[in-house]
Amino acid sequence: MPNEPITIHAIINGEKVPTEKQAPRENPTHPDEIVGYAPLNTKDETVHAIEAAYDALKSWAWTEVEDRIERMERAIQKIKDATPEIATLLSREHGKALYDSKGEIAISIMWMEFACMNVKKVVSPQEKVHENGRTIITFDPVGVVSAISPWNYPISLSTIKIAPALLTGNTMVVKPSPYAPLAVSKVVEIIANEFPPGVLNLVHGDAEVGVELTSNPKVAKIAFTGGTKTAKSIMKAASETIKKMTLELGGNDAAIVLEDFNVNDERAMRRMVISNFLTSGQICMIAKRIYVHRSIYDAFVEKYIEAANKWIRVGEPFHPDVTVGPVNNKNQVKYVRSLVEDAKSKGAKVIPLGKILNPELMDNGYFLQPTVVTVPILPFDDEEQVIELHNESIYGLTSSVWGEEEHAVRVARRMEAGTTMINTAAVQGLDVQFPFGGVKQSGVGREYGEEGLKSYVETHVINLPKTLELPYIPE
C-alpha cells in the first residue's frame, strides 16, 4: 500500500492549476500520516473555473447526445479499471472499510450507466400536431452547474450530479469536501479528461469558494448535498439570480417496527444494524430513531444487541474482517462523544457493541466504539401514535417500516418522507432507477432515476399556431 502523500490540483478549462496554498488530509486511522494535499483555491480561481464552464457551454450544449454518452461510457470504463487504486485511496483518507469504499464506487458506476442508458429518452424532442397547430417541445440544458458534495460518500454524491449534468448538455464546476478530497478528485479527473476543456472543472477551498459557486450570476443551477443549515445560506445566496436547485439535505430518519415483525429473523436484524452503523453511522439516511411496538420491545432490544455484536467489528479499514472503521475527522469524534455523554446525563442506558479487532489503534486514531443508546429506541402502542410521532419531524429524507409486507406498506403510505423502505433501510434499500430526495427541510428536488436526469434540463415549448389572425379587438 503506497504511503507517500499525493498532491491533487484544481482542473480549470482542461488544465491542472497549481495553487499557492494546500491543505493536508490525514488518515483518520493513523492521524499522524498525511495521505495527500488538496489545493485551497481562491475566489479568482473559482471565477476562472465558472467562466471556463460558461464559455464551454456555448458549444457543448449543442453536441449530439450520442457523443456525450460515448464520452461518459469511456470514463466509466476507466473508473472501473482504476477501482482498486481509488478504493484504497478513499479508505485511507476517509476511514471507511475497504468493502464500503468499493461499494461506493460500484453504486456510482451503476448510476452513471443508468444515466447513459436513459438520457436519450429524457432529452429527445417531442412534436405534437393538434387542432390549434403544431407544438415542438425540447429539453435544453440549464447552463453552468455548481456541484458541492460532502465527505461521507464523496464519489457517489459527486457522480450523482456530474453524470446527469454533462449528459444533458450542461457544464460544471465541482467542489468536494476538504474532509475527503483525494479519491473523488481522481474520479473527476478521469471524467474531465474524456470531455472538452471547460465542460467539467474542479476546485477546492473554503467559504469564499463556496460563496462564489452559489452566488456568481453565470451559475444557473446549484446541486448540493449537505446540512440543512448550510442549505439555507445557499438558498439566500442563490436568490439574487433565482438559480435552479437540487438540495439533498439531512434527515432525522425513523424506523418503525410493527408488532408482526419477526425479531428472530437474524438477516432482518442484521439489516437493521447495518442501517445504523454502515460507514461508522456517517450517512444522511441511517435510522436515527427506532420506534418498536411495545409488545415486542424487550425482545427486539435483546436481538438487536445480539445482531450488532455479531456484525460490528471495529478496526483498520484494510483488515478483511473489519466492518466499521474510524469516524472521518477529529471534530466528528468530539461531536459524537458529546451526544453520548449528553444522553448518559439524561439517564439513557449506553451499551457498547461489537468487537474491537485492533485495540492498539483505538487511542491514536479517530475511533469510537459503536453503542446503542436506549433513548432513541422508543416503544409505541398503536400505529396512529407512531405515524404522528414520525410526521412531527421537520425532516423527511428516508424512513423504514419493518413487519409483514402489506401491513408495512399501509403504514408507509401515511409517512412523510422522500423514500420509505420496507424491511430494510439506508443504502441497502437504495435503487438508482428511482428518484431519491427529501420532503420538508430534508431537501428540494430529486436525484437518481429519470427524474434526476430531468432536473438538469429546461422544458422549451415552441408553438406554431394554425392561424396567425389577431384576436378580435373592439374599435
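My entries cover a strand, its partners and the nonpolar cores.

I worked on a predicted model, where local features need pLDDT of at least 70, side-chain atom pairs count only at pLDDT 80 or more, and totals for chains, interfaces and linings use all residues. I numbered residues from 1 along each chain as its sequence is written, and side-chain values use heavy atoms, with hydrogens and water left out.

Entry one: the strand. I took helices (H or I, at least four residues) and strands (E, at least two) as DSSP runs, numbered from the N terminus. I counted a residue as buried under 20% relative accessible area (1.4 Å probe, protein chains only). In strand S8 (residues 144-148), 5 of the 5 residues are buried, so the rest of the structure largely encloses S8. Val144, Ser146 and Ile148 point one way, Val145 and Ala147 the other. In a regular strand, side chains alternate between the two faces of the sheet.

Entry two: partners. I called strands paired if DSSP finds at least two bridges between them. S8 pairs with S9 (residues 171-175) in the parallel sense, over 5 bridges. Ile148 stands opposite Lys175 in S9. I also found 5 bridges from S8 to S11 (residues 219-225), again parallel. There, Ser146 stands opposite Ile222.

A nonpolar core is a set of buried Ala, Val, Leu, Ile, Met, Phe, Trp, Tyr and Cys residues joined through side-chain atoms within 4.5 Å. The largest one has 105 residues, and Leu166, Ile191 and Phe300 have the most contacts inside it. Helix H4 (residues 98-123) gives the most to this core, with 11 residues.

Notes:
Buried < 20%, exposed > 50% of the residue type's maximum accessible area, 1.4 Å probe, protein only.
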